[in-house]
Amino acid sequence: MDIVETEAATDADTDADAATTPAGEREPHPSDSLRTFGAVVQALREYKGLSRTAFAGLVQYSRHTVESVELGRRMPDEAFIERAEEATGNTGALRKAANHISRGEAGLAAWFRRWARLERQAVSLCTYECRLVPGLLQSEAYARAVFDNSIPLLTDRQMEAQLTARMERQRLLWERPTVPFSFIVEESVFRRRLGGVEVHASLLERVLALTAPRNVTLQLVPLELEFHACLDGPVQLLETGNGRRLGYSEGQQNGRLISDRREVTLLWQRYDTLRSQALNPKESRDLLERLRGEL
């Protein structure tokens, strides 16, 4: 085994890294999972007898980027994870560890943070929801009503952080006009007047506006539907630029990133089937307009 250069992560090292890493690439509040992932990368690299410089050449990133990842100060992207996995012997450890990475972002649940990052890179995004209006389509007043119903109650500071994060996510819809966004939502979700009549009216206006662009499709699942392909609950699906398909499933106080190919394929099959069972986009918009007229 080659001699590995000494690279202990001292406080001085961390401070130097913070000073040289561009602000847009630095994690504002490195999470424990980022630090743990970085430690695993470093341990596997050292086990293979690779210096950071040599390892950087193998993963096709700069030595500084490798250092930032190992110190937990930078979120690794998919390419880094895959190349690091190959460089350390394809043990599967890094791919599995990457599934548990979360950023220290305020306003986003820890289990959702990695999916939110993947959303920003996706070339297509599909969402089925049966509980509430998807976050990407919510009005601010509706989102506030959702958070008002949180148990335990949120502080004012937590509420504002949640609202800011949710509204910021919606930038995806107009900043990426060539990316197709597909939403399938139960009609019952739009009949529930969460927050009251005024909040509900503003929600319907917001949804109709956000789903007007050609790349955004909304389909409603009618109450009288006799067949239903997604009875197991809400799901989100996306495809990355390199053709990889991933899924995300969320329950109470938890969420799961799904990367197993067979499971993801099944979820896509269910979603595609439900898309054929739901109302078409024009029928769905007509239904929303009728609901708005009933207020």
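Trp 115 and Tyr 248 are both buried, where buried means under 20% relative accessible area, exposed over 50% and partly exposed in between (1.4 Å probe, protein chains only). This is a predicted model, in which local features need pLDDT of at least 70, side-chain atom pairs count only at pLDDT 80 or more, and totals for chains, interfaces and linings use all residues. Residues are numbered from 1 along each chain as its sequence is written, and side-chain values use heavy atoms, with hydrogens and water left out.

**Aromatic rings**

- A search of the whole structure finds two aromatic pairs; rings of Phe, Tyr and Trp (its six-membered ring) pair if their centres lie within 6.5 Å, and planes under 30 degrees apart count as stacked, over 60 as edge-to-face and the rest as tilted.
- Tyr 61 and Phe 80 form an edge-to-face pair, because their ring centres are 5.4 Å apart and their planes stand at 70 degrees.
- Tyr 61 sits in the loop between α3 (52–59) and α4 (63–70) and Phe 80 in helix α5 (residues 78–87), so this pair ties together parts 19 residues apart in sequence. Helices (H or I, at least four residues) and strands (E, at least two) are DSSP runs, numbered from the N terminus.
- Tyr 61 counts as buried at 18% relative accessibility, and Phe 80 is buried at 1%.
- Trp 115 and Tyr 248 are stacked, because their ring centres are 5.5 Å apart and their planes are at 20 degrees.
- Trp 115 belongs to helix α7 (residues 113–119) and Tyr 248 to strand β5 (residues 245–251), so the pair ties together parts 133 residues apart in sequence.

**Helix α13**

- The buried residues of α13 are Val 264, Leu 267, Trp 268, Tyr 271 and Leu 274.
- Seen down the axis of α13, these buried residues fall within an arc of 130 degrees, so they line one face of the helix; the arc is that of the directions from the helix axis to the C-beta atoms.
- Arg 261, Arg 262 and Ser 276 are exposed on the face of α13 turned away from its buried side.
- Strands including β1 (124–129) and β2 (181–186) cover the buried residues of α13, with contact meaning heavy atoms within 4.5 Å.

**Helix α14**

- The buried residues of α14 are Ser 284, Leu 287, Leu 288 and Leu 291.
- They cover an arc of only 100 degrees around the axis, which puts them on the same side of α14.
- Lys 282 and Gly 293 are exposed on the face of α14 turned away from its buried side.
- The buried residues of α14 pack against α11 (187–191), α12 (197–210) and β3.
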